[in-house]
Amino acid sequence: MINLQNLMDEINSLNENVTLVAVSKNVSSTEVKALYAQGQRVFGENRVQELAKKCSELGEFTDIKWHMIGRLQNNKINQLLSLRPALWQSCDSFERASEVNKRLNFTLDTLLQINSANEDSKQGVSYENASEIYMRIKEQCKNINLKGVMSIGAHSDDEREVQKSFELSYKIFENLRAHGAQICSMGMSSDFRLAIKCGSNMIRLGSLLYI
């Protein structure tokens, strides 16, 4: 497992205001405990079932902040809301936001997922419609507290393409700051350095942490 302090030193040298979300997908609660022992408190899960399992197994660690970062299916909404995640990062449409909003009896901090690379394999709203949808959710879904945007870098070996996708997402984030956007979640294990240089203030690292 990685030395977390060394990694945080590197991250802080790029931008000292970046939040690290440790993605616990494909690892057990044992690895989560090991990172927790090094000071990590924010963790992310891709699947609701796995999030529920880890919440149960790690219930004693009440200061862990869990983020839902994967696609949310309508038949999993009630289960996710019962877990009260600290942040739902993967709101991928107005329709999904509306469906979640109807079932909420508390305010859920949320990010709008942008498919800035325009890839069929990725969820999220298009770059062109992102600002409009963000404002529509903000106005019509009163139980959803939009905190910013999330995106996944272009699936490409060409760093320029990845950078372009990050820059597009960051441009939307900048435009939405006037409407309360605070979080720009971009960057994973393979591209987090580039994402931070493009303006990300939240990164989602998985495989890199468990080497």
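**Entry 1: the model.** I noted at the outset that I was working with a predicted model.

**Entry 2: strand β7.** Is strand β7 buried or exposed? I found that seven of the eight residues in β7 (residues 144-151) are buried, so the rest of the structure largely encloses this strand.

**Entry 3: the neighbours of β7.** I then checked which strands pair with β7. Strand β5 (residues 108-115) runs parallel to β7, and seven bridges join the two. In this pairing I saw Q113 standing opposite M150 of β7. Strand β8 (residues 183-186) also runs parallel to β7, joined to it by four bridges. There, S151 has M186 of β8 as its bridge partner. I followed the chain from β7 through helix α7 (residues 159-176) to β8, and this β-α-β crossover is right-handed.

**Entry 4: the length of α7.** With 1.5 Å a residue, its 18 residues should span 26 Å, and the end C-alpha atoms of α7 are 26 Å apart, so the two agree.

**Entry 5: the faces of α7.** Which residues of α7 are buried? My list reads V162, S165, F166, S169, I172, F173 and L176. Looking down the axis of α7, I found these buried residues within an arc of 120 degrees, so they line one face of the helix. The spacing made sense to me, because an α-helix has 3.6 residues a turn and residues three or four places apart point the same way. On the other side of α7, E159 and R160 are exposed. What do the buried residues of α7 pack against? I noted β5, α6 (130-140), β7, β8 and α8 (192-197).

**Entry 6: the start of α7.** Here I found a side-chain oxygen of D158 within 2.9 Å of the backbone nitrogen of R160.

**Entry 7: two loop residues.** I finished with backbone angles, keeping in mind that most residues other than glycine have a negative phi. N26 is not a glycine, yet its phi is positive, at about 75 degrees. I located N26 in the loop between β1 (19-23) and α2 (29-37). Its relative accessible area is 73%, so N26 is exposed. R84, also a residue other than glycine, has a positive phi near 50 degrees. R84 sits in the loop between α4 (77-83) and β4 (87-91). With 52% relative accessibility, R84 counts as exposed because the cut-off is over 50%.

Terms used. Residues numbered from 1 in each chain as written. Predicted model: local features only at pLDDT ≥ 70, side-chain atom pairs only at ≥ 80, totals over all residues. Heavy atoms only, no water. Buried < 20%, exposed > 50% of the residue type's maximum accessible area, 1.4 Å probe, protein only. Pairing = 2+ DSSP bridges. Right-handed = clockwise from strand over helix to strand, strands pointing away. Expected span 1.5 Å × (residues − 1). Arc of directions from axis to C-beta. Contact = heavy atoms within 4.5 Å. Polar contact = N/O pair within 3.5 Å; in protein donor to acceptor, adjacent residues only side chain to side chain.
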